[in-house]
Amino acid sequence: MSAAKTFFITGVSSGFGRALADAAIEAGHRVVGTVRNGDACREFESRHAQQPGRAFARILDVTDFAAAENIVPEVDASIGAVDVLVNNAGYGHEGIFEESDMDALRRQFDVNVFGAVAVTRSFVPFMRRRRRGHIINITSMGGFITMPGIAYYCGSKFALEGISETLGKELKAFNVFVTAVAPGSFRTDWAGRSMVRSPRSIADYDALFDPIRTTRRERSGRQPGDPRKAAQAMLTLVDSPTPPAHLLLGSDALGLVREKLDELTAELSRWEALTRSTDADDI
Ligand code: NAP
């Protein structure tokens with residue numbers, strides 16, 4: 001194993017966060033994991049009681065932006081410097097655009113974008129001064145491809161992809177890496193208890209959306225991706241001396257992203273003449 005690192009992972013109560021925390025601790029690393037209540041806090045620490053000094057729980061709702069932005073000094077003083085930040089906490093909003101209100105959009109961005117940014121803002125100065133660190137933002141294949149019924153979710157993950165890639169360019173000179181990890185469909189609680197579904201109200205969308213909603217419900221728990229394998233992949237990622245800006249997880253994500261890249265390239269070519277027509281005459 002490589003040198004032991006200290007991870008800070010948001011949302012370790014289930015899914016990717018839990019799987020990554022377990023795998024990291026098993027591999028000899030230390031994990032500060034955030035959860036949202038005292039029971040989950042005790043569960044996380046007691047689950048790893050056999051490996052003392054490796055699992056530390058903190059209560060944090062990432063939409064408590066003030067708490068998120070100030071998390072580092074306490075962690076630094078009581079546990080030590082964090083080497084790897086994983087912005088994992090997030091959820092999916094599902095709903096046809098016209099049926100989904102502004103509150104649903106705000107909430108989706110509060111958690112998936114503003115929450116992740118608030119936590120990151122806390123860590124960046126420390127990692128920059130230390131000239132060391134790796135920030136992993138769990139985005140989604142939905143941060144690059146889209147499908148009907150998840151406009152707000154895709155919007156939030158596109159936003160996090162953009163922030164992540166830009167931040168990576170700003171921090172590269174300080175030996176701080178930023179990777180957007182974009183999973184395909186995995187067997188977590190994402191499409192189950194965690195998903196927020198706007199109610200249906202407009203029959204015009206039945207033919208398009210009803211099969212999508214039904215299929216997503218039915219496939220929950222039987223998706224192609226295994227979160228334990230995702231956790232191992234992320235441990236491989238943090239071991240790399242040259243981590244990428246983007247990492248897809250899952251062959252479904254790879255296929256769909258490649259398909260979109262091909263479509264995008266073809267579309268760019270089809271419209272190339274019009275695109276070029278706007279350049280000033282003196283360039
Ligand atoms: P999950 O099993 O539902 O886990 C979500 C985690 O996020 C839970 O620990 C949850 O805590 C936490 N969380 C939610 N809202 C929070 C908030 N406001 N503050 C703090 N923690 C919060 O689903 P998952 O699939 O592992 O999700 C993890 C990340 O992967 C998300 O960002 C998700 O969008 C992304 N992702 C998932 C998939 C997939 O197919 N599973 C694909 C692409 C991307 P509680 O237990 O307290 O609710």
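I take a polar contact to be a pair of N or O atoms within 3.5 Å; within protein, one must be able to donate a hydrogen and the other to accept it, and residues adjacent in sequence count only if both atoms are side-chain atoms.

The model is predicted, with local features needing pLDDT of at least 70 and side-chain atom pairs counted only at pLDDT 80 or more, while totals for chains, interfaces and linings use all residues. Residues are numbered from 1 along each chain as its sequence is written, and side-chain values use heavy atoms, with hydrogens and water left out.

Entry: I find a polar side-chain atom of Tyr153 at 2.7 Å from a ligand oxygen atom. For Ser194, a polar side-chain atom lies 2.4 Å from an oxygen atom of the ligand. At Phe16, a polar backbone atom is 2.8 Å from a ligand oxygen atom. I also looked up the cover: of the 890 Å² of accessible area that the ligand has on its own, the protein covers 94% (Shrake-Rupley method, 1.4 Å probe).

Entry: the shell. I list 28 residues around the ligand, each with a heavy atom within 4 Å of it. Ser13, Ser14, Tyr153, Thr188 and Ser194 are the closest. By class, the shell has 11 nonpolar, 12 polar and five charged residues; Ala, Val, Leu, Ile, Met, Phe, Trp, Tyr, Cys and Pro count as nonpolar, Asp, Glu, Lys and Arg as charged, and the others, Gly among them, as polar.

Entry: the chain. I note a box of roughly 60 × 55 × 35 Å for the C-alpha atoms of the protein chain, taken along the principal axes.
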